[in-house]
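Please find below a note on the structure under review.

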Amino acid sequence: MRLLVLAVSVSAVALAAACAVPGQDAARPGDPVETRPANAANQQPAFPGQTRAPGVRTEVAMAHTVVASGLVEPWGLALLPDGRWLVTERPGRLRIITAGGAISEPVAGLPAVDARGQGGLLDVVTGPTFGQDRLIYWSYAEPREGGNATAVARGRLSEDGSRVEGVQVIFRATPTYDGDKHFGSSLAFAPDGKLFITLGERSDAPMRPQAQDLASHMGKTIRINADGSVPSDNPFVGRAGALPEIWSSGHRNVQGIAIAANGDVWTVEHGTRGGDEVNLDRAGLNYGWPDVAYGVEYRGTPINAGIMAREGTEQPAYYWDPSIAPGGMILYDGAMFPGWRGNLLVAVLKDKHIARLVLDGNRIVGEERLMTDLGERVRDLAVAADGAVWAVTDEADGKLVRLAAQ
């Protein structure tokens with residue numbers, strides 16, 4: 001591992017100019033930041049502002065600093081109470097990184113992962129009672145007889161941070177499938193201590209319909225107690241043929257989740273070519289995939305005849321066409337950028353930036369592209385105690401980056 005510290009200053013004017021990505025013109029205030037043609041040019045949003053929200057600009061000078069580098073495809077990022085960071089590497093390593101950039105040896109004690117394709121060690125979060133029990137939780141592609149599937153485990157982080165102890169697998173998605181795509185999986189604790197887990201539908205055409213099947217975990221948002229048991233108020237508890245862990249259905253590949261102080265659950269998921277979605281993810285609701293979707297297949301043909309709405313399915317709060325490839329997501333509540341409070345910040349892989357989405361109630365009314373000059377795939381985000389935004393980049397030479405006001 002090597003340590004690299006690099007600061008890049010970005011003025012408000014430079015930030016506005018940096019909102020463009022290749023093939024785009026710099027947007028004027030109020031113009032959408034996305035100007036490329038949609039992949040599904042004949043599709044129209046269900047309501048004004050559902051896509052291409054007005055562009056907004058942060059009128060604060062800021063800079064990003066590369067704090068550490070040499071990470072291998074980092075995926076998840078979580079803040080420890082002492083200001084250090086838990087960072088997962090997809091091949092199966094968990095590391096602790098100080099605010100100064102010192103990178104630990106891999107934390108011992110984690111179970112094996114299946115790191116083929118999009119699989120491996122995925123998200124990590126600290127438990128709501130970490131101060132008392134030092135429990136951390138992580139998701140991963142679990143190797144199994146006949147294939148793999150997403151699992152979630154927890155364990156006690158030792159006082160010296162060198163290992164996890166008493167590891168328990170508290171959730172195993174079913175069915176097992178021999179594939180290497182669409183594992184999800186982002187984790188978030190709600191204010192009431194319930195753990196949310198996001199899952200993909202495994203991508204391949206034969207697996208897609210399972211996003212609509214309540215007897216399968218695939219393509220679902222999951223809600224469990226911290227010990228893995230099922231909350232009695234989950235929407236499908238007691239329903240014949242339905243798995244009681246399910247919170248919502250009809251998702252493609254959710255890799256970001258953020259939960260507001262009032263309990264609202266926001267998720268962001270990958271579409272195909274077009275159709276990346278932000279959803280207000282509510283109990284018992286169906287978000288449509290694969291029966292309803294924006295965008296087109298990767299080969300350019302319509303998805304399910306191009307149907308964008310159907311009775312019994314929910315519309316996304318927002319979508320991007322063409323796709324940006326969203327990763328992790330947070331609700332900003334820090335002190336450093338007061339104008340961002342209550343905004344969604346989305347890590348963006350394909351288009352290599354952080355998307356700031358301004359919320360007005362349950363509507364997204366503005367979008368800004370931040371940290372575009374880093375030029376790397378942004379995988380996950382977190383907020384430090386001082387309100388600075390930290391990110392990891394999903395690269396062979398992955399980085400831990402701090403974005404802060406000057």
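This is a predicted model: local features need pLDDT of at least 70, side-chain atom pairs count only at pLDDT 80 or more; totals for chains, interfaces and linings use all residues.

1. Residues are numbered from 1 along each chain as its sequence is written, and side-chain values use heavy atoms, with hydrogens and water left out.

2. The secondary structure consists of two helices and 24 strands. Helices (H or I, at least four residues) and strands (E, at least two) are DSSP runs, numbered from the N terminus. The C-alpha trace spans about 55 × 50 × 35 Å along its principal axes.

3. Of the 406 residues in the chain, 59% are buried. Buried means under 20% relative accessible area, exposed over 50%, and partly exposed in between (1.4 Å probe, protein chains only). The accessible surface of the chain is about 15,000 Å², and 51% of this belongs to carbon and sulfur atoms. Accessible areas come from the Shrake-Rupley method with a 1.4 Å probe; for residues, only the protein chains shown count as cover. Among contacts between residues at least 6 apart in sequence, 60% join residues at least 24 apart, where contact means heavy atoms within 4.5 Å.

4. The largest pocket has a volume of about 1,000 Å³. On a 1 Å grid over the protein atoms alone, a pocket is an open set of points with protein on both sides within 12 Å along at least five of seven lines, whereas a cavity is a set where a 1.4 Å probe fits but cannot get out; lining residues have an atom within 4 Å of a point. Grid points are joined across faces, edges and corners, and a volume is the space filled by probe spheres set on the points.

5. Which residues lie nearest the centre of the largest pocket? They are Ala188, Phe189, Ile330, Leu331 and Val383, from a lining of 41 residues. Strands S3 (74-79), S6 (121-126), S10 (187-189), S14 (254-259), S18 (326-331) and S22 (378-383) each supply at least two residues of this lining. By class, the lining has 29 nonpolar, eight polar and four charged residues. Here Ala, Val, Leu, Ile, Met, Phe, Trp, Tyr, Cys and Pro count as nonpolar, Asp, Glu, Lys and Arg as charged, and the others, Gly among them, as polar.

6. Alanine 188 belongs to strand S10 and is buried, because its relative accessibility is 9%. Apart from residues up to four places away in sequence, alanine 188 touches Lys194, Leu195, Phe196, Ile257 and Ile259. Its C-alpha atom is separated by 17 Å from that of valine 392, which is 204 residues away along the chain.

7. The second largest pocket has a volume of about 380 Å³. Gln118, His270, Ala325, Leu349 and Arg377 are the closest to its centre among the 21 lining residues. This lining comprises five nonpolar, nine polar and seven charged residues.

8. The structure also holds three cavities of 30 Å³ or more, and the largest cavity has a volume of about 70 Å³. Its lining has 15 residues, with Glu269, Gly275, Glu277, Trp289 and Ala293 closest to the centre. Five of the residues lining the largest cavity are nonpolar, seven are polar and three are charged.

9. Two cis peptide bonds deserve a check. One joins threonine 174 and proline 175, with omega about 5 degrees; proline 175 lies in the loop between strand S9 (164-172) and S10. Another joins aspartate 321 and proline 322, with omega about 10 degrees, and proline 322 is in the loop between strand S17 (318-320) and S18.

10. Glutamine 210 is in the loop between strand S11 (195-198) and strand S12 (221-224). Is glutamine 210 buried or exposed? Its relative accessible area is 19%, so glutamine 210 counts as buried. Beyond its neighbours within four places in sequence, glutamine 210 is in contact with Pro175, Ser216, Met218 and Lys220.
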